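Student: Let us go through this model by question and answer. Please show the sequence and structure.

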Amino acid sequence: MNLYSLLEASFPENRDSLCLEIPEDRDRTWGEIEIGTARMAQWLASLGLPLGSRVAAPIEKSPEGLMLYLASLRAGLVFLPLNTAYRDAELDYFFGNATPSVVVCPSKNLEWIRLIALANQVAHVVTLDEDGSGSLMTALAVFDGKFQTVEVSDDALACILYTSGTTGRSKGAMLSHGNLSSNARTLRQYWDWKSDDVLLHMLPIFHIHGLFVGVNGALLAGAKMIWLSKFDAKSAIRHLPKATLMMGVPTFYVRLLTESDFTQEVCRNIRLFISGSAPLLLETFLDFKKRTGHTILERYGMSETGMLASNPYHDRDGARFGGTVGKALPGVSIRITGEDGQPCKVGEIGLIEVKGPNIFKGYWQMPDKTKEEFTADGWFRTGDMGRLGGEAAGVQTPEDYVSIVGRGKDLIISGGFNVYPKEIEGFIDDISGVEESAVVGVPHPDFGEVSVAVVVVKVGTILDASEIQSFLKTKIANFKVPKKVVIVKELPRNTMGKVQKNLLREEFRGCFIVN
Ligand code: AMP
């Protein structure tokens, strides 16, 4: 079934009601979304492209951008959302790899993006701006807004998401209509989405979090979204009282807590705060509860898989444990495997492997890479390290709760000993006066690799590197103590709030070796 048809079946009968509440009188009703989407689908169909052709969209967040996503689904084409922060070399790589037939970009970027598109034989380049103008919108004028959504099989591709690439070159994760539908259905049920929910939507829509978890979730519930172009703590505080649901990366929650007018009263109508895409610090989880009375629900997923695990919404499904990402979602299986390929015992750290109807179809044009990432018995290797059960944040968690302890590639092997950065970061973050930290491995002539801790200290605190090292020596085995501690103003993050450890590795790679 076409994902759009599934979503459309939940649109409210009253198509004049609001689907998107947008500041500055840019609201959109369900009817406007439906017709706007149909006209874009008519335009796409008029290009005579084979089903499955790619529509690449390095565009700003806008209601029309959302319609372009839905129109691509309706027309049986494959939507390829891209961050507008990407520059020449990145777009050249994406266009060369995905070979889109259509590129939609902001007018201000047309000049240089057109050249890259031309060099990659893209047949159609049109513009779409944040304010809803652009040559795409002009081209729609001749269409009447009546379009029969193309029927596709569950296996047909709906989207390609390039992984955010905090490590290595981006790979295009192929997601089918069936993958996205199954995940949206599961989340509707598990988080109890209802048509009277109002989602405060402040995430970008070029990423799984804002597009699939947020947008698909709200549309499938027939629920309204308050649609903000980006996150800003002050404007979030203004809009929160009208919302019942908020989704964010951990940084959103950290920033909200720095605002003195972020109070329980502001959150009076919220039934659920959801966090994901990067680890939520226990400190944030606890401070948030203290300030608002709300227990943030942390969940875990990735571009290749959609959502995999979630802390429960309903008490009947269990408690929410800080420091864990909850349990495998219904229909999803999660196992932890040791380096010998054998299942780990409860509490033991290993590789997180997953299975389910939400798991992607493979990496676009990379059959070998795809093969590498699946086990012989068909489980997808997430690349994340974790454990089931065991102790999280000083509490014994049930054996079906997953805790993530770091990326597989994040593992540092120092003199033959395994060092998990997440564990060391936990100890550093516990030091009074530390705001946050990131531990990375760098080459070392003797140990092969050693760890370097990059630490942000709270404003007004005086703490030096040697104090941190001395403290750690009293807490953890010597081989785990970072050989170098560096104090910085802030950690580099990508747009989804993930710490870019690759940049830190690069910056500090020469600390112990000559080149
Ligand atoms: P992306 O494909 O950009 O969404 O990145 C997926 C990766 O983000 C996962 O493989 C995890 O490493 C990380 N991630 C997502 N959610 C969480 C979470 N709640 N806690 C820790 N890491 C997370």
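Tutor: Buried means under 20% relative accessible area, exposed over 50%, and partly exposed in between (1.4 Å probe, protein chains only). This is a predicted model, in which local features need pLDDT of at least 70 and side-chain atom pairs count only at pLDDT 80 or more, while totals for chains, interfaces and linings use all residues. Residues are numbered from 1 along each chain as its sequence is written, and side-chain values use heavy atoms, with hydrogens and water left out.

Student: At 8% relative accessibility, is Tyr162 buried or exposed?

Tutor: The cut-off for buried is under 20%. Tyr162 has 8% relative accessibility, so Tyr162 counts as buried.

Student: How many aromatic pairs are there?

Tutor: Rings of Phe, Tyr and Trp (its six-membered ring) pair if their centres lie within 6.5 Å; planes under 30 degrees apart count as stacked, over 60 as edge-to-face and the rest as tilted. By this rule the count is 18 aromatic pairs.

Student: Of what kind is the pair of Phe94 and Tyr162?

Tutor: The ring centres of Phe94 and Tyr162 are 4.5 Å apart and the planes stand at 55°, so the pair is tilted. Helices (H or I, at least four residues) and strands (E, at least two) are DSSP runs, numbered from the N terminus. Phe94 belongs to helix α4 (residues 88-98) and Tyr162 to strand β7 (residues 157-162), so the pair ties together parts 68 residues apart in sequence. Phe94, like the partner named above, is buried, with a relative accessible area of 3%, and the kind asked for is tilted.

Student: How is the pair of Phe231 and Phe252 arranged, and what are its distance and angle?

Tutor: Phe231 lies in the loop between β10 (224-227) and α9 (233-239) and Phe252 in helix α10 (residues 250-257), so this pair ties together parts 21 residues apart in sequence. Phe231 is buried at a relative accessible area of 12%, and Phe252 is buried at 8%. The pair is stacked, with 10° between the planes and 4.1 Å from centre to centre.

Student: Which ring does the charged end of Arg271 sit over?

Tutor: A charge sits over a ring if NZ of Lys or CZ of Arg is within 6 Å of the ring centre and within 35 degrees of the ring normal. Lys483 lies over the face of Phe447, at 5.2 Å from the ring centre. For Arg271, the distance to the ring centre is 4.9 Å, and the ring is that of Tyr313.

Student: Which backbone atoms does the side chain of Asn311 reach?

Tutor: Asn311 is in the loop between β14 (306-310) and β15 (326-328), and Asn311 counts as buried at 1% relative accessibility. Contact means heavy atoms within 4.5 Å; beyond four places in sequence, Asn311 is in contact with residues including Tyr190, Trp191 and Tyr401. Its side chain lies 3.0 Å from the backbone nitrogen of Phe321 and, through a polar atom, 3.1 Å from the backbone oxygen of Thr324.

Student: How many disulfides does a search of the whole structure find?

Tutor: A disulfide is a pair of cysteine sulfur atoms within 2.5 Å. The sulfur of Cys159 is 17 Å from the closest cysteine sulfur, in Cys19, too far for a bond. Cys19 is buried at a relative accessible area of 0%, and Cys159 is buried at 0%. The number of disulfides found in the whole structure is zero.

Terms used:
Polar contact = N/O pair within 3.5 Å; in protein donor to acceptor, adjacent residues only side chain to side chain.
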